[in-house]
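Colleague: I am new to this structure. Can you take me through the labels and what stands behind each one?

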Amino acid sequence: MAYRPDKQYPPYMGNEPYLHLCFSEADGGHVRPLLRKLYSRGVRVWYDCSEKADREAIAFRTNRMRNAALTVVFLTDLFRHDHKAKNSLLICQRSGHPLFCLNTDGKDSGLSIGLYPNTPEYICSSSDRAAEYEAEILRTDGFSQTLIGHPQKVPADGLRIASWTMGGLALLLLIGICLWFTVSKAYIPPVEEDSVTFQNETLREVVRASLGGGALSEERLETIITLTFLGDMLPSNFEDLKLLPRLKQIELTQSAASGLHSHPELYSYTLVLIGGSE
């Protein structure tokens, strides 16, 4: 079971300036020492810990990412292979606010995660990593005193570690009992949820079909250059096309093309007729 830092160091949910710590959920235990230092100093830190994937939850997380005064990326190998964490990084980079990368292992921070060139980056070398991480965050250009509030009382780790140990043993025992009395079932992979919200459902499904199905994320939407409308009518509005930054060409049937006069915004794209009714 992955460590949940929000049980010990709850994310800041207020309206004052705050720091966004961007990390892979699998790295919860690794960021705990850094959170402990920032928390005790009084730094207002928000990070994504919600398990909900409905539209309201996605919109809330996106808004918190975009409104952070500074984003600190906690880069590890787990982050490099975490689709959700890399998608969050894309959102933060597009917001235009300062971003700082803590490279914990000195490996690639460009192509593997799509980090913009010239992003401030620090490669850790100390054995006391939490202290070094904190010091570098406090020194980065995007950090200011406005991010510091009242120092927080840091909860003791001893009792929590003991309770986690006992909880882990109890969980292992329960799993063993379940395996003993049940037969194995085929593994069903979890269904990925959309991390990008489309207001127009028709356009959303056209985009999904263009990608060959699957969840919609900013990373996947960046791959769309051509969008194909096979129906006889166009969607009622195309405001969501702004979510496709690399879209160049729109293919549509001749029947659907009769409705182009109502959508002059489409004339900025290359329009191609692909059949339909004469």
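Predicted model: local features only at pLDDT ≥ 70, side-chain atom pairs only at ≥ 80, totals over all residues.

Colleague: What makes β3 and β4 count as paired strands?

Modeller: The cut-off is at least two bridges between two strands. Strand β3 (residues 70-75) and β4 have five bridges, in the parallel sense. So they pass the cut-off of at least two.

Colleague: Why is β4 called largely enclosed?

Modeller: Strand β4 covers residues 99-103, and five of the five residues are buried, so the rest of the structure largely encloses it. Leu-99, Cys-101 and Asn-103 point one way. Phe-100 and Leu-102 point the other way.

Colleague: How many bridges does β4 have with β5?

Modeller: Three, again in the parallel sense. Asn-103 stands opposite Ile-123 in β5.

Colleague: Why are β2 and β5 said to stand at the edges?

Modeller: The open sheet has five strands in the order β2-β1-β3-β4-β5, with parallel pairing. β2 (45-46) and β5 (121-123) each have a single partner strand, so one side of each has no neighbour in the sheet. At the β2 end, strand β1 (residues 19-22) is joined to β2 by two bridges. His-20 has Trp-46 in β2 as its bridge partner.

Colleague: Which strands make up the other open sheet?

Modeller: Its three strands run in the order β6-β7-β8, with parallel pairing. The edge strands are β6 (226-229) and β8 (270-273), each pairing on one side only. From one strand to the next, the twist averages 20°. β6 is joined to strand β7 (residues 249-252) by four bridges. Phe-229 stands opposite Leu-252 in β7.

Colleague: Why is Asn-87 called buried?

Modeller: Buried means under 20% relative accessible area. Asn-87 has 4%, so it counts as buried. Its place is in helix α4 (residues 83-95). Beyond neighbours within four places in sequence, Asn-87 is in contact with Ser-195, Ser-217, Glu-218 and Glu-219. Asn-87 and Glu-218 are 131 residues apart in sequence, yet their C-alpha atoms are 6.3 Å apart in space.

Colleague: And is Asn-118 buried or exposed?

Modeller: Exposed means over 50%. Asn-118 has 78% relative accessibility, so it counts as exposed. It lies in the loop between β4 and β5.

Colleague: What is the phi of Asn-118?

Modeller: Phi of Asn-118 is near 70°, a positive value in a residue other than glycine. Most residues other than glycine have a negative phi.

Colleague: How do you know that Arg-4 and Glu-51 form a salt bridge?

Modeller: The cut-off is a side-chain nitrogen within 4 Å of a carboxyl oxygen. Here the N to O distance is 2.8 Å, so the pair qualifies. Arg-4 lies in the segment before β1 and Glu-51 in the loop between β2 and α2 (55-66), so parts 47 residues apart in sequence are tied together. Arg-4 is partly exposed at 30%. Glu-51, at 70%, counts as exposed.

Colleague: What makes Lys-84 and Asp-48 a salt bridge?

Modeller: Their closest N and O atoms are 3.5 Å apart, and the limit is 4 Å, so they qualify. Lys-84 lies in helix α4 and Asp-48 in the loop between β2 and α2, so the pair ties together parts 36 residues apart in sequence. Lys-84 is partly exposed at 33%, whereas Asp-48 is buried at 16%.

Colleague: How far apart are the closest N and O atoms of Asp-105 and Arg-80?

Modeller: They are 2.9 Å apart, in a salt bridge. Asp-105 is in the loop between β4 and β5 and Arg-80 in helix α3 (residues 77-80), 25 residues apart. Asp-105 is partly exposed at 32%. Arg-80, at 7%, is buried.

How values were computed
Residues numbered from 1 in each chain as written. Heavy atoms only, no water. Buried < 20%, exposed > 50% of the residue type's maximum accessible area, 1.4 Å probe, protein only. Axes fitted to C-alpha atoms, helices over the stretch in contact; angles between N-to-C directions. Contact = heavy atoms within 4.5 Å.
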